[in-house]
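This report looks at one chain-to-chain interface. Please have the sequence and the model open.

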Amino acid sequence: MADPMKIRANLVGDSTEVKVLMSHEMETGQRKDSDGKTIPAWFIQRVKVTHNDKVVLAAQWGPAVSKNPFVSFKFKGGAKGDKVTITWVDNHDDTRTDEATIA
Amino acid sequence: MGIIGRLVAGAALVAIAGGVLHGCATAPADTEVSDRAAAMMKSSFKSRGQATLARLDQDETQRLCSEYAGRALPASIATKIEQANLATIQYPADGKLVGDWKSGEKIAQSGQGFQYSDDPNKPAGANCYACHQLSPKELSYGTIGPSLYHFGKLHGYSDATRKYAWQKIYNAEAFAACSNMPRFGHHHILTEQQIRDVVALLVDPASPVNQ
Amino acid sequence: MNTNRRQALKATGAVSLLTLVAAAGWLEPGDAAAAEGWNKGAFETHSMDETMKALGGGAPVPSSDIAFFSTPDIAENGAVVPIGITSKVAQTESIAILIEKNPNMLAAVFDIPPGTDASLSTRIKMGQTSNVYALVKANGKYYVTSKEIKVTLGGCGG
Amino acid sequence: MRTIIRRAVAAAVLAGTLAVTVGGAFAESTADEIAKYREALQDGNPAELWEARGEEMWKAPRGPSHVSFARCDLGLGPGVVKGAYAQLPRYFPDASRVMDLETRLVWCMVNQQGYSEADATKTKFGNGSAHRSDLEALAAYVTAQSRGVKMNVALDEPHVRDMYRLGEKMFYYRGGTHDFACATCHGDDGKRIRLQDLPNLTKVEGAQKAYTTWPAYRVSQGELRTFQWRLNDCFRQQRFPELAFGSDASIALTAYLAGRANGAAYDGPAIKR
C-alpha cells in the first residue's frame, strides 16, 4: 500500500492554506530501464480534496506531474479543528486517503 | 601516447621525486598520517567496472600536488612538475592540430567517460563546460577554470595559439603545476582527433567561441 | 510532523475509503465507470489545438488576468519545475498547465469550486526548455498566458 | 499541420502577453533565476515522506530478533534521537570504532535486531518504490530530530581526532584518470560546476553550509540521499573506484567535514537539485 501523504492545513486569515506532499513514483511511461525495456506508466490520475464533505479542489493529472507530487492552494470557510480530507487514485486503481486537522 | 613518450615521462617524473626527497621539509608525523590515509583508502574503496583500485595509485605529479595541497607550492617543485609534464606532450604525426569545432562543441558538452557507471566503449567527453565558459549560447557553464569565450580572438589565430591550445589540453600541468584541469592527452582521456576538435572549438575563427 | 496529525492519519485508515469518497459524491460505490473520471484523450495530445478539442473548448484568448508566481525562468532540474498560477478572471472554474515540448502537452487540470482561491502551485516535469501555458476556464470560456522556462544541464557526470 | 497550429497558437499567446522571457539571458540573471528556483522548492520538501516512514521504522519491532531501535544508542543513550546526529561521527566503545549515523544504524540492526550485515546493507541507496532504502528513511527521521541543534563533533576525543586528520588527507588526495581530489572542486570560493554552486569545504563557513544540509531530497533523482551517498557519488564522479558503504575512509572524510561544521546549526534534511 502507498505511504501516507503529508498534509498541512493552516488557517491564514479567513482562508485555509493546504499543502500536501504525496508519495508516488509518477512514472511517465517514456523511460527505459537498464535493459532497455520501457518502464510502464504509473501515475496519479485524480486528486480530490474535501472539507466538511464539500469538494474544495479536484484535479486530473498526467504523468508530467513531478514524482512525489506537491500541491498548495487556499479555500475559504474552514475553521480550526475541521478536517481536510485528500484522496488520490492512480492508473493502477491504487488509491490512498488521508486527512489532516486545520490548525 | 607512444612507448617512448611514456618512458621519457616516467624518467622525468622519477627525476622530480629525487629532487623532492632532498628538499623534503614535511614533518614525519604528517607523512605518517598521509601513509595511513593512503592505506585506509586502499582498503575502503573497491574496484568497480573500469574504475579499478589502480586508480588510487598516484603518479609523482599527483603525489606532490596532494602533499602540497592547501599550502604554497615551492617554486622549485612547481617548475619541476611543469617541466616533467611538458616532456610528456605528444603531437600528431601529420602535424595537424586543428579539427572540427562542431565536433569539439559536442566533446566540450559531454561529461561521459571513465566513471564506473560509464560505458567504456563509448567515447569520453572533455566536459569543458563543467568548468569553463565557451560558446555564449550555453548558459550552463562552470567557473572553476577561466572563461574561454573569445579564446582565439584574444590570443590571435596564430600557429603559436594553436600549439598552446593543443599542449594545454594534452597536459595542463605543463603550464600550471597542480592545475585543476585533467591531463586529457597524457591520461588518454581524449583521442588525438578529439583533441584536434576541441582545439578547433577554441581557435577556429568560425567557432561560436570566437563570435 | 506532530503527534496529533500522525494520530489523525492513523485514525483515517479505519474509515473505509469508499464510504469517504462516496460521501463526497465523487465515486459511486460499485460504479464500473468510476475510473473513467479521467479525461484520457486530453492527456494524449500534442498541440494546443488538440488539447482544446479534447477539453471541449475553442481557441483560448490571451489574458493578462492570469499570472505565474513562484515560477522561475530557469529550472535547475527539469524533473521538478515549480509552477504557481493565479487567475483573476472572474468565475474561474479550472486552471490547467500545458507544456509545449513535453511528449504530451497537458500536465494537469485543477477544478476550482466556488470558495476556493483561483491560485495554486504544484511541480511538473519538463524534458527540455519550453513554453509553459496557464490555461484558465471561466464561465465556459478559455483564457491563456504563457512563459518560457529554460531547463539547464547539470553535474560533472553529465 | 499540427505543428503549424501549435505555432500559430503560441504566436498568438506571445503577442497577447508580456509573460514570456525575452531572450539573451546572461550570467547574473541566470544566477538570480536559479536562486528563485531553489527558493520555490523550499515550500514542500518530500524528505518529510521519508522522515515519516523512518519514524514508523524506528519505533516498530524489526528483524529476526523483533526489537525496535529503543535500545539503539546513537551516542546520547539508548533510543535517544534528539540531537544525536549533531554529535556524529563519534567513537563507540561497544563497537571499538568511530561511526557515522549510517554505520551506527547498521550496527544496531545487526547486533540488536538480528539482521545479517548483508541484509542490513542490501538497499543502501534506494531506487524507486520497488527498491526503497530503510537506511535512508531512518537517517531522514534521525537527522530531522537534530534540526536547529548546533553541530558538536568531539574533535578532542583521540579516535575521532585521528579520523579527522585522515579525512583531511583524503580530501586533498589526487588520483585517477582525471587527477581529481575533493579539493579540485571544493577548495575555492565562489566556484560553480555548470550552474551548481560548489561549497568551499576548506573554509569553515563552506563546510558548515554543506554538511548541515545533508541528508537531502534530490529532485534530480526523486530520492532522499544521505551523506554516505553524497561521498559515494562524489568519488564516482572523481573517476575513483567505489567508496565502500560505511568504510573507514567514508567515516574519516565524514568526520573531517562534520568536524569542520562544528558550531553551525544543523538544517536538514534539505531539498536540493
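How many residue pairs are in polar contact between chain D and chain B? The count is 33 residue pairs, both residues at pLDDT 80 or more. Seven elements of chain D each give two or more residues to the side that touches chain B. The table lists them.

| Element of chain D | Residues |
|---|---|
| Helix 2 | 27–41 |
| Helix 7 | 158–171 |
| Helix 8 | 182–186 |
| Strand 3 | 191–193 |
| Helix 10 | 227–237 |
| Strand 7 | 242–243 |
| Helix 11 | 248–260 |

Helix 7 of chain D gives the largest share of this side, five residues. By residue class, the side of chain D that touches chain B holds 18 nonpolar, 10 polar and 12 charged residues.

The model is predicted. In it, 40 residues of chain D contact 51 residues of chain B. The two chains bury about 4,300 Å² between them. Carbon and sulfur atoms give 55% of that area. Three residues stand out: D:Arg174, D:Arg194 and D:Glu242 supply 20% of the area that chain D buries against chain B, more than any other three residues.

Charged pairs also cross the interface. Six salt bridges are found between chain D and chain B. B:Arg183 forms a salt bridge with D:Asp179. Their closest N and O atoms are 2.7 Å apart.

Strand pairing links the chains as well. Strand 1 of chain B, residues 45–46, pairs with strand 7 of chain D. The sense is antiparallel, over two bridges. Within strand 7 of chain D, D:Leu243 is the bridge partner of B:Phe45.

Key: Residues numbered from 1 in each chain as written. Chains lettered and ligands numbered in written order. Predicted model: local features only at pLDDT ≥ 70, side-chain atom pairs only at ≥ 80, totals over all residues. Heavy atoms only, no water. Contact = heavy atoms within 4.5 Å. Buried area = accessible area lost by both parts, 1.4 Å probe. Salt bridge = Lys/Arg side-chain N within 4 Å of Asp/Glu carboxyl O. Polar contact = N/O pair within 3.5 Å; in protein donor to acceptor, adjacent residues only side chain to side chain. Helix = DSSP H or I, 4+ residues; strand = E, 2+ residues; numbered from the N terminus. Nonpolar A, V, L, I, M, F, W, Y, C, P; charged D, E, K, R; others polar. Pairing = 2+ DSSP bridges.
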